[in-house]
Amino acid sequence: MNKQEFLEMKEEFALIIYNYEKFLKDCILLDYRYNDQFFDLLQKIRYYEVENGLLATCLQNRSQNPEFDTNKVLSDFKDGYSKELENAVQKHKVAHSVVSHLNDNTLEENKEFEKIYQDFIKENHPVVKALVTDEEKELYEKLKIFYYENNYKGFMEAYELNKDTFKEVEYPEDLFAKISQYYYDIRKNIGADFTKRQKGYPFIKKGVFQDDMTIAEEDANLKTSYNKLLGDNKKLHQDYIKMFGSDISLNELVKQA
C-alpha cells in the first residue's frame, strides 16, 4: 500500500465515522426530545416499576423463608431509586435545555455545522487520526458534546480556543498496514453497534414526533402502561399487607433518606 492509497482509505474511513457520529447525534437528540416531552409521565411509570419490584421481591423472599428480614431489600431499593431519581432529574435539566435551543441555528448554520464537523472528523477524530495524544483525545471528547447537542456556536468557540492542541501527523509507511487493519476492526464494531442501536431505544421512538397525532398516541400508550402498573401496584400492596401485617411505600422510604 502506497501513501496515496492509504490516504484515500483514511478519507473513506473518515466518512464512515462521520455518518456514525451523525447517527449517534440524532439518537441523542431524539432521547432528549422524548425525555423533555414525556418526563413527568415517564417518572411516574418508573416509580411504580420500582415499587412493584420492591413489593414483589419482599413477597417472594418471605414466601420462601418465613424468617426473611426485609430491611436489606428496603435499603437497597431505597438507595438505588434515590440515585436513579437524582440522575433522572439532572438528565431532564440537560434535555430541556438542549431541546429549548434546538431551533437557535438557522438551516444554513446547521448545514455549515455538519460540513465543519465532517472536516473536523477527517482531520482530528481519534480513531481516524489513529496516532493521537492524550490531550487530543480529551479535547475531542469535550468538543463532540457540542456537536451531539447541536451547539454550533459553542463548538466553534471551544475549537478556536483549543485548535492548537491538534497536531499534524506524518504517517510512517511501515504503519500503513497496521492502521488499515485498525480501520477494518473499527468498521466491524461500528456496523454491529449501528445494527443494535436501530433495534432499541431511542431509535424505535423516531416516529413519535411526526406530528401532533403521533405524539398524542405515544402519550396514550404511556398512560396505558401507567394504569397497568397502578393496577398491579394495588394488588401487590394488598398481598404485602396480608403477609406482613403492615404496608410500605417506596416514596416514604426515599423521603426518610
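1. Which hand does the crossing of α5 and α6 have, left-handed or right-handed? In this predicted model, the α5 and α6 crossing comes out left-handed. As for the geometry, the two axes approach to within 8 Å, with a crossing angle of roughly 160°. Angles over 145 degrees count as roughly antiparallel, so that is the label for α5 and α6 relative to each other.

2. Now the side of α5 that faces its partner. Leu-139, Leu-143 and Phe-146 are the α5 residues here, and in α6 they meet Gly-154, Phe-155, Ala-158, Tyr-159 and Asn-162.

3. On to the largest nonpolar core, which has 31 residues. Touching the most other members are Phe-6, Phe-13, Ile-17, Tyr-117, Phe-120, Val-128 and Leu-143. Two or more core residues come from each of α1 (3-64), α3 (107-124), α4 (126-129), α5 (134-148), α6 (152-162) and α7 (176-198). The largest share belongs to α1, which supplies 10 residues. As background, nonpolar side chains in soluble globular proteins tend to be buried together.

4. Leaving aside residues up to four places away in sequence, Phe-13 touches Val-127, Val-128, Tyr-183, Ile-186 and Arg-187. Of these, Val-128 is also on the list of residues touching the most other core members.

5. Another one, of 29 residues, lies apart from it, and includes Tyr-34, Tyr-48, Leu-54 and Leu-55.

Conventions:
Residues numbered from 1 in each chain as written. Predicted model: local features only at pLDDT ≥ 70, side-chain atom pairs only at ≥ 80, totals over all residues. Heavy atoms only, no water. Core = buried A, V, L, I, M, F, W, Y, C linked by side-chain atoms within 4.5 Å. Buried < 20%, exposed > 50% of the residue type's maximum accessible area, 1.4 Å probe, protein only. Helix = DSSP H or I, 4+ residues; strand = E, 2+ residues; numbered from the N terminus. Contact = heavy atoms within 4.5 Å. Axes fitted to C-alpha atoms, helices over the stretch in contact; angles between N-to-C directions. Parallel < 35°, antiparallel > 145°, perpendicular 65-115°, else oblique. Left-handed = near helix turned anticlockwise from the far one by under 90°.
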